[in-house]
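Good morning. I will go through one structure, starting with a charged pair and ending with the backbone. Please have a look at it first.

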Amino acid sequence: MKKITAVVAAPDSFEEVETLLRALHRQTVRDQVHVLVVCPSHEKLAVPVDVESIAGEVEILETGEVLFLEDLRTAGVRAATTPYVALFEDHCFPEANWFEIVLSRLEEGWAGVGTVIALGNPATSLAQAVYLLGYGEFGPPIESGPRDFIPGHNQAFRRSVLMELEPGLDDALSMKSVMMRALRARGHRLFLEGGTVAWHFDFHTEPVSIIRFFFDFGRVLGAQRSRSWPVPLRLLAGAGWPALWAVRLWGAFRTFRRTADRSGLGAGCLLHVPGLTLAWALGEWRGLWFGLGPALERLSDWEHDRTRYVDGDEWDRETGRILDGRTA
């Protein structure tokens, strides 16, 4: 019996989600996982004839053209018929016991469960810096327990809890930190599980693109967080962008001190942190004063087909082999 739906957003080709699908197929409880690949066009997806040998039984959901990656994930959540849903990025690969352990936690009654997120490509200081800002606080090892926040992606939820956020589920999924505050305000509880890992690949080629990514991320965060604020408050908060920068900067250094030894991060990654957090803070200012603009569409594009922004030999699409012999 299927207990959980793994929603896989595939805005372009099958190739960009192949490694993730292989990782899902290796799950110890694969028979309990419904894999739902959501795409704008079945023809564009171009599913290979031997898909079952790659991914096992997979359902394809065609949505028609959409602008944003989260629109595909939202369509998957709405279409799911299982009690639980898992939302994965195409560049983050769960270990084989991930669904087994996460399902056991969800069945305890938690609304959402996240796990350790480890850096799959730690060879460069820039990748380490991007990871530090994005997932550093969830680096291994971590102690399992209740949390106010779990990782923003690559986590699982009770489907019924997410459906409470309708009709604004698509907006909620576009900025997970805002969504988790909304869930906690409704009395729902989140859990961080330290007993399994998902390996995340962070981009480190094209540094200018990485700066633009953090600017767009900040703009989306600022615009989404302040959507219901009165204009004077938005203007005042935006004028305080240097304070936002200081908060982001200090948070990154504090996370590094707490996690560097256990996450294998080198001090060299800190050289990139001031510039990346500055872009993040300026993006928040832009979002507070001028709203989303085109940032959400650009952020959606940054967040898929991560092989554009990593070295070509860092992971093997066909085998799912990661770096030094670890497997997704």
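I start with D216, which counts as buried because its relative accessibility is 1%. Buried here means under 20% relative accessible area, exposed means over 50%, and partly exposed is in between, with a 1.4 Å probe and protein chains only. This is a predicted model, where local features need pLDDT of at least 70 and side-chain atom pairs count only at pLDDT 80 or more, while totals for chains, interfaces and linings use all residues. Residues are numbered from 1 along each chain as its sequence is written, and side-chain values use heavy atoms, with hydrogens and water left out.

What does D216 pair with? R298 forms a salt bridge with D216, and the closest N and O atoms are 2.7 Å apart. This pair links distant parts of the chain, with R298 in helix α14 (residues 295-302) and D216 in helix α10, 82 residues apart. R298 is partly exposed, at a relative accessible area of 35%. By salt bridge I mean a side-chain nitrogen of Lys or Arg within 4 Å of a carboxyl oxygen of Asp or Glu. Helices (H or I, at least four residues) and strands (E, at least two) are DSSP runs, numbered from the N terminus.

How many salt bridges are there in the whole structure? A search finds 14. Among them is the one between D171 and R227, at 2.9 Å from N to O. That pair also links distant parts of the chain: D171 is in helix α8 (residues 169-174), R227 is in the loop between α10 (207-225) and α11, and they are 56 residues apart. D171 is partly exposed at 34% relative accessibility, and R227 is partly exposed at 46%. R105 forms a salt bridge with E108, with 3.3 Å between the closest N and O atoms. R105 has 21% relative accessibility, so it counts as partly exposed; E108, at 45%, is partly exposed. There is also a network of salt bridges linking E70, R73 and K176.

Next, helix packing. The axes of α6 (residues 125-135) and α13 come within 10 Å and cross at roughly 45°. Axes are lines fitted to C-alpha atoms, for helices over the stretch in contact, and angles run from 0 to 180 degrees between N-to-C directions. The two helices, α6 and α13, are therefore oblique to each other. For the cut-offs, under 35 degrees is roughly parallel, over 145 roughly antiparallel, 65 to 115 roughly perpendicular, and the rest oblique.

Helix α13 also holds F290, which is partly exposed at 48% relative accessibility. F290 makes a nonpolar surface patch of about 390 Å² together with V231, L235 and W289. α11 (231-239) and α13 (273-290) each supply at least two residues of that patch.

Finally, the backbone. Which peptide bonds are cis? Another joins E166 and P167, with omega about 5°; P167 is in the loop between α7 (159-163) and α8.

Two residues other than glycine have positive phi. A46, with phi of about 55°, is exposed at a relative accessible area of 52%. N154, with phi near 60°, is buried at 0% relative accessibility. N154 sits in the loop between β7 and β8 (155-158).

Terms used:
Patch = residues over 30% accessible without salt bridge, like charges linked within 9 Å, V, L, I, M, F, W, Y side chains within 5 Å. Areas by Shrake-Rupley, 256 points an atom, 1.4 Å probe, with all protein chains shown as cover.
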